[in-house]
Amino acid sequence: LTTTVAQSAAGSISRSPDASSYASGTVVTLTASPVSGYDFTGWSGALTGKKNPATVTMDADKNVTAFFTLKVTKIIQLTIGSTTMYVDGSPVILEAAPIILNSRTLLPIRAVVEAVGGTIVWDASTQKVTIVQNDKTLVLWIDRNVATLNGQSVNIDSDPKVVPIIMSGRTLLPLRFVAETLAMDVQWNAVTRMVTITYTS
């Protein structure tokens, strides 16, 4: 059994039982361990997919390669009332400025979702917003405080008045709910009225 790491400094592969050759029929468990700052992304060779740990049954000589990718952190900053958003310091113009309603920040979320590599689709007939980010599909409806995440119902906020809205022809979504559901960290500065979103992919 030969195991290799595609990026030698990105991580390692451990095997159990640990040997270089095995009796026919032996099941070997392989575990890919990324170093800090990297994520395991998948196997190739005698193993495929992203399952980790994964097992391989030795019935012939086998080669397995583990792939890792560098984590990337994006910092997005928005200010209440300003149509300029900053992504890693570069300005992006928003369709509408973030607002505070019912003590929650709402904003046109498209720019934030697209900044982290997600996609967003608006269905005018059902007033539905569908956001896809990695393995998550989040669906929200205008004026409804229940959304679905991968088909499961989730409450948007403990306050039932916190719902997606349409204002001046723009769809505004509750920022914290969407961002945290998509694994982003959200920090609020009450003095500067600035929202800082940190996303590591």
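Which residue in strand 18 is the bridge partner of Leu-107? Select Leu-107 and look across into strand 18: the partner is Leu-173. Before going on, note that this is a predicted model, where local features need pLDDT of at least 70, side-chain atom pairs count only at pLDDT 80 or more, and totals for chains, interfaces and linings use all residues. Residues are numbered from 1 along each chain as its sequence is written, and side-chain values use heavy atoms, with hydrogens and water left out.

Now widen the selection to strand 11 (residues 104-107) and strand 18 (residues 170-174), an antiparallel pair with two bridges. Strands here are DSSP runs of E, at least two residues, numbered from the N terminus, and two of them pair if DSSP finds at least two bridges between them.

**Stop two: back-to-back hairpins**

Next, pick strand 12 (residues 119-123) and strand 13 (residues 128-133), antiparallel and joined by five bridges. Asp-123 has Lys-128 as its bridge partner in strand 13. The two strands make a hairpin with four residues between them, and Gln-127 in the turn shows a positive phi of about 50°.

Carry on from strand 13 to strand 14 (residues 136-141): six bridges, again antiparallel. Val-132 is opposite Thr-137 in strand 14. This hairpin has two residues between its strands, and in the turn Asn-134 has a positive phi of about 55°.

**Stop three: rings**

Show the side chains of Phe-40, Trp-43 and Phe-68, which ring pairs link into a cluster. Rings of Phe, Tyr and Trp (its six-membered ring) pair if their centres lie within 6.5 Å; planes under 30 degrees apart count as stacked, over 60 as edge-to-face and the rest as tilted. The count by that rule is two aromatic pairs. Phe-40 and Phe-68 have ring centres 5.9 Å apart and planes at 65°, so they are edge-to-face. Phe-40 is in strand 4 (residues 38-45) and Phe-68 in strand 6 (residues 63-70), 28 residues apart. Both are buried, meaning under 20% relative accessible area with a 1.4 Å probe, protein chains only.

**Last stop: a charge over a ring**

Finally, select Trp-141 and Arg-144: the charged end of Arg-144 sits over the Trp-141 ring, 4.2 Å from its centre. For Arg, the rule wants CZ within 6 Å of the ring centre and within 35 degrees of the ring normal.

Key
Buried < 20%, exposed > 50% of the residue type's maximum accessible area, 1.4 Å probe, protein only.
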